[in-house]
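This report looks at an annotated site and then at how the chains meet. Keep the structure in view as you read.

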Protein chains: 4
Amino acid sequence: MTQRTGLKIAVIGGGSSYTPEIVEGFIRNYDQMPIRELWLVDIEQGKHKLDIVGNLAKRMVEESGLPIEVHLTLDRRQAIEGADFVSTQMRVGLLEARKKDEHIPITYGVIGQETTGPGGMFKALRTVPIILDICRDIEELAPNAWMLNFTNPAGIVTEAVAKYSRVRSIGLCNSPINVQKFLAAQYEVSEKDVLPEFVGINHLHWVTSCQVKGEEKLPEILSGGMAYTAKNVPTVGWDADFLKSLGGIPTYYLKYFYMTDYMLNEMKEAMEKNGTRADVVSRVEEELFELYKDPNLREKPKQLEQRGGAYYSEAAVNLMNSIYNDRKDIQTLNVANGNIYDFLPADASIEVNCVVTAQGPIALPPRNVPEHVKGLMHAVKVYEQLTIEAAITGDRGIALQALVHHPLVPSIEVAKKLLDEMLEANREYLPNFFRE
Amino acid sequence: MTQRTGLKIAVIGGGSSYTPEIVEGFIRNYDQMPIRELWLVDIEQGKHKLDIVGNLAKRMVEESGLPIEVHLTLDRRQAIEGADFVSTQMRVGLLEARKKDEHIPITYGVIGQETTGPGGMFKALRTVPIILDICRDIEELAPNAWMLNFTNPAGIVTEAVAKYSRVRSIGLCNSPINVQKFLAAQYEVSEKDVLPEFVGINHLHWVTSCQVKGEEKLPEILSGGMAYTAKNVPTVGWDADFLKSLGGIPTYYLKYFYMTDYMLNEMKEAMEKNGTRADVVSRVEEELFELYKDPNLREKPKQLEQRGGAYYSEAAVNLMNSIYNDRKDIQTLNVANGNIYDFLPADASIEVNCVVTAQGPIALPPRNVPEHVKGLMHAVKVYEQLTIEAAITGDRGIALQALVHHPLVPSIEVAKKLLDEMLEANREYLPNFFRE
Amino acid sequence: MTQRTGLKIAVIGGGSSYTPEIVEGFIRNYDQMPIRELWLVDIEQGKHKLDIVGNLAKRMVEESGLPIEVHLTLDRRQAIEGADFVSTQMRVGLLEARKKDEHIPITYGVIGQETTGPGGMFKALRTVPIILDICRDIEELAPNAWMLNFTNPAGIVTEAVAKYSRVRSIGLCNSPINVQKFLAAQYEVSEKDVLPEFVGINHLHWVTSCQVKGEEKLPEILSGGMAYTAKNVPTVGWDADFLKSLGGIPTYYLKYFYMTDYMLNEMKEAMEKNGTRADVVSRVEEELFELYKDPNLREKPKQLEQRGGAYYSEAAVNLMNSIYNDRKDIQTLNVANGNIYDFLPADASIEVNCVVTAQGPIALPPRNVPEHVKGLMHAVKVYEQLTIEAAITGDRGIALQALVHHPLVPSIEVAKKLLDEMLEANREYLPNFFRE
Amino acid sequence: MTQRTGLKIAVIGGGSSYTPEIVEGFIRNYDQMPIRELWLVDIEQGKHKLDIVGNLAKRMVEESGLPIEVHLTLDRRQAIEGADFVSTQMRVGLLEARKKDEHIPITYGVIGQETTGPGGMFKALRTVPIILDICRDIEELAPNAWMLNFTNPAGIVTEAVAKYSRVRSIGLCNSPINVQKFLAAQYEVSEKDVLPEFVGINHLHWVTSCQVKGEEKLPEILSGGMAYTAKNVPTVGWDADFLKSLGGIPTYYLKYFYMTDYMLNEMKEAMEKNGTRADVVSRVEEELFELYKDPNLREKPKQLEQRGGAYYSEAAVNLMNSIYNDRKDIQTLNVANGNIYDFLPADASIEVNCVVTAQGPIALPPRNVPEHVKGLMHAVKVYEQLTIEAAITGDRGIALQALVHHPLVPSIEVAKKLLDEMLEANREYLPNFFRE
């Protein structure tokens, strides 16, 4: 790591509306983590947004008075070359594709969601080949870089990178940091004094222990029927009897599995009113970019916080900071399973507490893994593995198996129809499936 | 084993309509497996049927001219004392309870089936405590006996026995022997020349290899869209694309998982026409017992074959024979997992090919375990484990977790309602759940 | 934990010459870890030494001006009742027994050492039953206490406690903290900036990674032929070629395995000159206790540092501090294996880096476990398991298997002779083996 | 398999003195396993012996009147092309090399043996590259062939083939069949009625169960102090107490580990009298070839039985027969571990009972694996793995680690000297280690 001269950071998908948040994070942490060059890189179709948000980034840095160079580019290789950290936050197919991911499944009575179910599968099928292209560049141009992967479905993408590249990569989600902040607020302690233990995989985790100032508070939390929700998803309560016998706090995304009909109905109703979540996000983003254009704006606008994805950038900056400074603190990350769960392959990505050292994260085996949840974890992991294999090979049979074995897909018949329609709708982004 | 003086065999649930089949099996195999005493034992409510079928058994033996003593009794301990084999084929709650198992779930839009889903769970909750009572007797009165368990859900019951008793027990299902016979017939070879390899657990298996005279025929079978069905379940075809990419022949019971809506509709329609399967069986049994009463009947009547459960007794006699004679042949049985599947606990029951020696079966690790199916296997096994724990403890919370985590139960909400209604309906047979 | 009123700490074997060190540690760390009561407990034979060292302890506390009550007692139960931490540092059979452990094996040409080989085995056989007696008291009188076990062989003793009691216990050795301090000194950084990774079990570990300020320094260290040695063992160099291809720094104790003849000769020569290590320690202790008697001595005397066992008390105080204050720092401890090494049982004790929380240590899976060393680790662990079983049962056959399968015992013949002679020599302390 | 036209069999190392035995086996089993072509292939230096023994083979076949073509050739590729079975029984470096394997270690006070210890290691280093060359030919010219590997050290060689080629290969040793025959003789039953269960790896196994006509006879055997010995090794008794507490019958080769000094002394004495075993074999072989030359000899001479290696050919013919005829009988073979031993890698070769089908052997998990022996098994397997890696890479560091971690090598110092001298002595056959 080039400690003496400051860090080079490349943000793939730098034209994202989130960018001001991560820029703010870099500015705030500059004393611990001096950045020399920040490269925001995007694709041709994203140039317009990259210019707007990139110029805001430049004004923010200028305002801070710090010697950070901000570069805007469409040349990914130039951005990556010699980088210390590469962060990915991209959306292959843009919001148009997300709209299909959310919409098509619902027409078959199946959860239509960005990361869970068939929607998440197609997001993965579009994304994995592109991420691996990026990895080829990193292997060549920045072999010592750490890749921080925010791109959803983060678990699948991280696992694909681990299996098919030599890049040192870590998957990140804002869900765990939200749990931590929520608990710290509830108990009025600092975040350092809260240690929730996460069991599971990305967007499918259970918090099965909760130390607050060293005391186990889980039974108290469960008996109160308390659960955490992220800001960008509707708040719905959990059944109290269920929580108690479960012995863990399920993540919001588990509602898609445990309360499927309810969630499906909510989705349908919301869609009728406001369109899918992609439509909502689309409108929010338009407004944000209008704000970003203002040449007098020299800081992150408050409105960005309503965009969802709270604390994404804090999670990212924390992680870079701990690697850079060998902080050995505990963060919840997506990394390879190793021996942690003896029922999953060693190369499966899991979401787990890690001690973060300069040589990367070391996973901490959870102390309490309820038998109850192993089957569901395993079933979803099988779907994830098949999805990666399908993305790499373009094999329709494997894609069919992935869908059929997803717990949210009700039958072979539905899986076949869904697969055909979604493949066709994503044809442009799935060359592997449409080779001669 | 008391080789010199012949075997003592106890059949728990001896008043079953199946009994003539097993008696026929004993007679046919007498030269290899000489039986001295056959004890048919039943409970007070089954006395009437025990008398009818028991007398038929006596006439059959008489006709054979063999020196087998047939005893009818309501005294289980007398029947068990000193037995070499104890076979269990009982139905706690009789067909009335089965009717509820099949009927109540359907009213919630859930598969209602004797062994799969909530129906199977309640059959297990009723049966496990009784089976363990029987085991206490065997431990005391026939510690060297082998228990052959046919009682459904055979996988769960066998696992419960292994976990909570010292009885040497093996679970048996007629499904694998039917596959074998079906393949032998298709390829016009003897059964010895067919070696299907079973992956999975009871009523949830996939045949992932099929050697016929030493050649692997699975790809041929899968590409023909061929599948086997047992006689007592409706014949429905599998999707050809699905089978091919699956890489295995799924058991009929997997239709409940892979074709849920279709099966549910079939059930509903059949129920409207003929009542549940319990109603049908009830009528068939009445007719059979009418036949059995005929004092001139001295052999198994042909009509029994339409009862379903084909080759059950052949499976049982084969197993006893191989243990008695140390035949070391291959049979498909329900035994403890050991290290076979590294993602399941060592004490989980699995359905697997075994070499049967005088010291019991030794499981043969399947050579080809598709990744696809591991998640579903694991999820159902988790439900099974929770069911056993619920049966032992009478803990409603654990029972709720079992239901919620069953892949066929759609939500916490449905699980709670189902649980309440089915517990109430089975109150008489579930003292563990209704203690003061 | 009784945070408001200060801690109660019981030191079993409080009459040890080490006690002034731990007292000094408590005094130095009082602001972070306020101690209300310190109970030094010993057995009748140790009363004289307890009085001497206990009075020194009282003078040290007085000098510090801190409100710590120091209690001296022969009543173990009183000392344990309500304790927050129980530390054990005892020697069943006193130095006399150690002398035999060291001496008898050498007469058969086998390493005679306090913790490694037959000597360590007999120390374990004497100690395990006593430790489990203590655990019975803790279970009853201080069920929430943490037991810190320094008593050698620490790995075996800790594993026995985990298997046969419900006490929360952690095994501790000063060897890892010495490595850490050595490396920090070599690289002139603070100890926090050094992260050596330990693979193995107590007194049989390899350091297979060495991060200094986040950089991997192991290759550099190995190519320099550098190795660490504890102060209480002779310093001998390792072969440079061997170290390089080994890919790890072996602990000093591994010389008994890798350089057996050399070590045996050293032992013999030293014994001829100075008697066994027990004799040497005996003389050192006599001198120390002479010093301790001095009523003007009000601090730990310098001479204690030459006693060996450097930093034992620092290790202990660190551990208590991190549990008490939920520090979540990394310490190297002896804890249950769990899934860390997939070739060892889950309940095997291993020596491993842990994050120490208020709920105890969480083991960090080592990142680099050389295949080379797995066999030796497994072989010694097998010996350890058999030793525990022998200690519990008093079964000579199991004890024989333990000795025969120890890598340092050359043959069945030697094992049998050694076993007979050592059992006889320890008869007084091994009632399990000499029951009627 | 070319069933209609008979089998083609290639014997690599066909000039061996054992060849008449295997030829006799083929003749005796012709009705079950019709052989069309038998190719005996050897290297240039072996041409003389190949001619002698090959002509005897031809006379034997002629005498039998069977239509088997016997071909003698130095062209390995011609022999392999289209073969159904390839059997390897070769000795790279001939008896001269064996002599060094046996002699050099003894000069350092280490067991000098053909398959165990440093001797076995060097045999492996010489053999692995050659075997893999043969595998390249088989992959190209007979991809469906089964390779039966008798070449010692059979476990290492078989594992190397499995790791570094796609050839279907099985390792064979005559030790298990000797156990079976010995037990059958002792109990006066047929071999089919004996089922010994083997735990371990090649030349390092324990028989931990012994069913005779279905009854467990192990305790009886162990309490009698009975043990089996192969004919080609000195008969020495085991200690009765040791056997009883061990819970298994150790193979003769385990004497090198459990009675090291005794065996070393025996070796030294025998060497002084008769030279090493290589010298003895050399004389026996000379005499045998004298006999073979006799043009009137048309059958296997009795004297061959004194050569050692009893029943090698019976083991080989049994295995081919069961594969060819899909016999599904139980044989003890060296195959990949899979999940059988959870403490060994899946690709480790183990010696284990298998059901032999036309698609190859399926390993039967042993029911009783004593904890005692796991460490030794693991330690020797680690040495084997390192040896394979050393053979492939020619890395001296890895070879040093293999030697140091072999339980029979006492120290780094001895290992280094041994390594240097043995590498030099084998320079001609170890090009990997002597590249520029």
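In this predicted model, the unreviewed UniProt entry lists A:Cys173 and A:His203 under "binding site". They are spread over 31 residues of sequence, yet they cluster in space, with a largest C-alpha distance of 8.4 Å.

Both sit in loops. A:Cys173 is found between strand 6 (168-171) and helix 7 (175-187) of chain A. A:His203 lies between strand 7 (194-201) and strand 8 (204-212) of chain A.

Are these residues buried or exposed? A:Cys173 is buried, because 28 other C-beta atoms lie within 10 Å and 20 or more are enough. A:His203 also counts as buried, with 24 C-beta neighbours inside 10 Å.

The table lists their contacts, leaving out residues up to four places away in sequence.

| Residue | Touches |
|---|---|
| A:Cys173 | A:Ala154, A:Asn202, A:Asn334, A:Glu351 |
| A:His203 | A:Thr115, A:Thr116, A:Pro153, A:Gly155, A:Thr251, A:Tyr253 |

Now the chain contacts. Chain B and chain D each give 21 residues to their contact. On the chain B side, strand 12 (349-357) and strand 13 (360-363) are the elements that give two or more residues. By class, that side of chain B has nine nonpolar, six polar and six charged residues.

How can chain D be laid on chain C? A turn of 180 degrees and a shift of 0.0 Å along the axis do it, with an RMSD of 0.0 Å. The two copies are therefore related as by a two-fold rotation axis. In chain D, the C-alpha nearest that axis belongs to D:Phe343, 2.0 Å away. The same surface serves both copies: 100% of the contact residues of chain D recur in chain C.

Terms used:
Residues are numbered from 1 along each chain as its sequence is written. Chains are lettered from A and ligands numbered from 1 in the order in which they are written. This is a predicted model: local features need pLDDT of at least 70, side-chain atom pairs count only at pLDDT 80 or more; totals for chains, interfaces and linings use all residues. Two residues are in contact if their C-beta atoms, placed from the backbone, lie within 7 Å. Helices (H or I, at least four residues) and strands (E, at least two) are DSSP runs, numbered from the N terminus. Ala, Val, Leu, Ile, Met, Phe, Trp, Tyr, Cys and Pro count as nonpolar, Asp, Glu, Lys and Arg as charged, and the others, Gly among them, as polar. Copies are superposed by least squares on the C-alpha atoms of residues with pLDDT of at least 70 in both. UniProt positions are given in the numbering used here, feature names are shortened, and annotations may be inferred rather than shown by experiment. A residue is buried if 20 or more other C-beta atoms lie within 10 Å of its own, exposed if 12 or fewer, and partly exposed in between; C-beta atoms are placed from the backbone.
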